[in-house]
Structure formats: structure tokens, C-alpha cells
Amino acid sequence: MTEKKKPERMCIACRKRGGKDTLLRVVKDKSGAVGIDPTGKAAGRGAYVCADEACIALAEKKRCLSRSFRQQVDDGIYDELRHAAKEGTGYGG
């Protein structure tokens with residue numbers, strides 16, 4: 001029997017591929033609100049970031065989320081990402 005494939009996603013900051021369950025998912029919904037998606041199943045445009053302080057800082061410096069969502073993203077989302085990475089919450093999948 002073949003092994004089921006696990007979905008892979010790419011970090012928007014460092015461009016490394018990783019399992020969907022190891023990355024943090026940020027989603028922009030239809031209304032344009034941006035937030036962390038702990039379930040990995042929320043409707044809307046998603047972007048993934050490694051759960052690593054260095055990657056989150058790089059994403060903030062390069063404004064990766066603003067570019068991915070084609071809109072200005074509040075800087076508070078990066079603080080939420082740092083908190084989710086420390087707590088181990090916010091993993092998609």
C-alpha cells in the first residue's frame with residue numbers, strides 16, 4: 001500500500017519548503033482582514049511562514065505578507081506570529 005502524501009508549502013520569507021503542519025498560516029478573508037489561521041482550513045488567501053523567529057523577522061523586514069496579500073498589513077500580525085511560534089499554536093493542517 002502506498003504512503004499518503006503530506007502537503008508541502010513554501011515559506012514566504014526564506015523560500016524553504018516544509019510540511020503544512022510545521023508552518024504558520026496567515027490568511028486574508030473576503031473582507032480583507034488578515035489573521036493567523038490555527039486550523040489551516042479558513043477560507044481565503046493563505047500564506048505560510050516558518051515558526052522561527054529569524055524567518056518571522058525576515059518576513060517583517062521584506063514586507064512579505066503585504067506583498068502576498070497585495071494590501072498593507074498591520075505590523076501587529078508579526079507580533080501575533082511570534083507569539084504563535086512560541087506557544088506552538090497557529091499551525092495549519
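Reader: How close do the axes of helix α1 and α3 come, and at what angle do they cross?

Author: Two packed helices are described by the angle between their axes and the distance between the axes. Here the axes of α1 (residues 53-62) and α3 come within 10 Å and cross at roughly 170°. That makes α1 roughly antiparallel to α3, a term for angles over 145 degrees. Axes are lines fitted to C-alpha atoms, for helices over the stretch in contact, with angles from 0 to 180 degrees between N-to-C directions. Helices (H or I, at least four residues) and strands (E, at least two) are DSSP runs, numbered from the N terminus.

This is a predicted model, in which local features need pLDDT of at least 70 and side-chain atom pairs pLDDT 80 or more, while totals for chains, interfaces and linings use all residues. Residues are numbered from 1 along each chain as its sequence is written, and side-chain values use heavy atoms, without hydrogens and water.

Reader: Which residues of α1 meet α3?

Author: Contact means heavy atoms within 4.5 Å. Glu53, Ile56, Ala57, Ala59 and Glu60 of α1 meet Tyr78, Leu81, Arg82 and Ala85 of α3. Six residues of this contact are nonpolar, none polar and three charged.

Reader: What is the strand order of the open sheet?

Author: Strands pair if DSSP finds at least two bridges between them. The three strands follow the order β4-β3-β5, with antiparallel pairing. Because β4 (34-36) and β5 (45-50) each have a single partner strand, one side of each lacks a neighbour in the sheet.

Reader: Where does α3 lie relative to these strands?

Author: Helix α3 (residues 76-87) lies across β3, β4 and β5, at about 10° to β4.

How values were computed:
Parallel < 35°, antiparallel > 145°, perpendicular 65-115°, else oblique. Nonpolar A, V, L, I, M, F, W, Y, C, P; charged D, E, K, R; others polar.
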